[in-house]
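Let's walk through this structure together, with the model open beside the text.

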Amino acid sequence: MSDIFSSISDADAHSFASRPLILRHNLHESGLFDDGALARLIEATPRDRFHINTIPRDVNDPRQWREGDMSGLPGQAVLEAVAKGNIWVHLQRIQEADAAYGELLNQAFDELERKIPGFKSFKRSMSVLVSSPRMNVAYHADVPGQSLWQIRGRKRVWIYPARAPFLPQQAIENIVLKRSGDTDFTFDPRFDESADVFDLSPGDMASWPQNCPHRVVNEDCVNVSVTMEHWNADLRATYAVNYANGLLRPHVGRRPLSQATSGPAFWAKFALAGAHKMLRVGKARALPLKVDFRVDPTSQSGFSDIEPYLVLK
Ligand SMILES: [Fe+2]
């Protein structure tokens, strides 16, 4: 099997996961992301593994990000709604829907581990994003290690530092603890002065440090992108610190807490987070999401409003 990545420079290999950067890949040539394959994936993805979202194109308040549904619709109808409307289709854990994606996922990470000294990954996962022309993806922060792979279309991504004011400590603590969603914090257009900005074309893969908030705007064309998630010891340490800080937060108010991932205080937090997670097992928290629209290929926006209801995700 040929390599997924073009050669990775020593500078990029050295900086991987510590600063935003672009690598070149050939996933867009795999045939696994043409319309027929995407329609099959849409139909094979159960309700607990997809998000459909929308937000007006001129709104940059991430809290206006809306959640929808597409259950029961043919994949082709969903693709038609994406092409004409303003929606974002996010299919998660596609490696579980078809082993071919699982092979691609493992090949990608195995290759990164070979080409980037010291890089390790576990709990790998792969999503596909199919989104409308000029779609505006709300400012948000993800919890695991993340990369964004452009397959079809073109988009601009803004990547911001994973620290206040871009990402207040309480925001990432609440996201990690599932007290709030990943868009539940404030965006200020002045943040753009501190962003790394990349224009992605097919064959580009953007990578950034853990938790860096980001937002995306598509060019005037349908976009197909892949995201890959992973964990490793460094990512888990940061997760544990934010998790424990979130548990301590009600007792300390708004003051900054250390986010160090070494030393005795870190290990105390690591133990606290582990014990709390163990106690939570079996009653794992799910976040209630309000669903208030349904994909509708007959509508100009690609969706129709419905009577709101809650789902647990
Ligand atoms: Fe993201």
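Helix axes here are lines fitted to C-alpha atoms over the stretch in contact, and angles run from 0 to 180 degrees between N-to-C directions. Please keep in mind that this is a predicted model.

With that in hand, look at helix H2 (residues 35-44) and helix H3 (residues 75-84), which pack at an angle of about 110° with their axes 8 Å apart. Angles of 65 to 115 degrees count as roughly perpendicular, and H2 and H3 are therefore roughly perpendicular to each other. Their crossing is right-handed. On the H2 side, Asp 35, Leu 38, Ala 39, Arg 40, Ile 42 and Glu 43 take part, and they meet Gly 75, Gln 76, Val 78 and Leu 79 of H3.

Helix H5 (residues 169-176) packs with helix H6 (residues 233-252) at about 100°, and their axes lie 8 Å apart. H5 and H6 are therefore roughly perpendicular to each other. From H5, the contact draws on Gln 169, Gln 170, Ile 172, Glu 173, Asn 174 and Val 176, while H6 contributes Tyr 239, Asn 242, Tyr 243, Asn 245, Gly 246 and Arg 249. The residues of the contact of H5 with H6 divide into four nonpolar, six polar and two charged.

Now for the sheet. In what order do its strands run? The ten strands of this open sheet follow the order S1-S10-S7-S12-S5-S4-S2-S3-S13-S14, with mixed pairing. Strand S1 (21-24) and strand S14 (303-312) are the edge strands, each pairing on one side only. From one strand to the next, the twist averages 30°. Helix H4 (residues 99-115) packs on the sheet, where it touches strand S5 (122-131) and S12, and its direction makes about 115° with that of S5. Elsewhere in the sheet, strand S3 (residues 66-69) and strand S13 (residues 288-295) run parallel and are joined by three bridges. Gly 68 has Phe 293 as its bridge partner in S13.

Finally, let's stop at Trp 231, which lies in strand S12 (residues 223-231). Is Trp 231 buried or exposed, or something in between? Trp 231 is partly exposed, because 18 other C-beta atoms lie within 10 Å, and a buried residue would need 20 or more. Beyond its neighbours within four places in sequence, Trp 231 is in contact with Phe 122, Lys 123, Pro 144, Gly 145 and Arg 236. The C-alpha atoms of Trp 231 and Val 78 are separated by 31 Å, with the two residues 153 apart along the chain.

Definitions and conventions:
Residues are numbered from 1 along each chain as its sequence is written. This is a predicted model: local features need pLDDT of at least 70, side-chain atom pairs count only at pLDDT 80 or more; totals for chains, interfaces and linings use all residues. Helices (H or I, at least four residues) and strands (E, at least two) are DSSP runs, numbered from the N terminus. A residue is buried if 20 or more other C-beta atoms lie within 10 Å of its own, exposed if 12 or fewer, and partly exposed in between; C-beta atoms are placed from the backbone. Two residues are in contact if their C-beta atoms, placed from the backbone, lie within 7 Å. Two strands pair if DSSP finds at least two bridges between them. Angles under 35 degrees count as roughly parallel, over 145 as roughly antiparallel, 65 to 115 as roughly perpendicular and the rest as oblique. A crossing is left-handed if the near helix is turned anticlockwise from the far one by less than a right angle, and right-handed if clockwise. Ala, Val, Leu, Ile, Met, Phe, Trp, Tyr, Cys and Pro count as nonpolar, Asp, Glu, Lys and Arg as charged, and the others, Gly among them, as polar.
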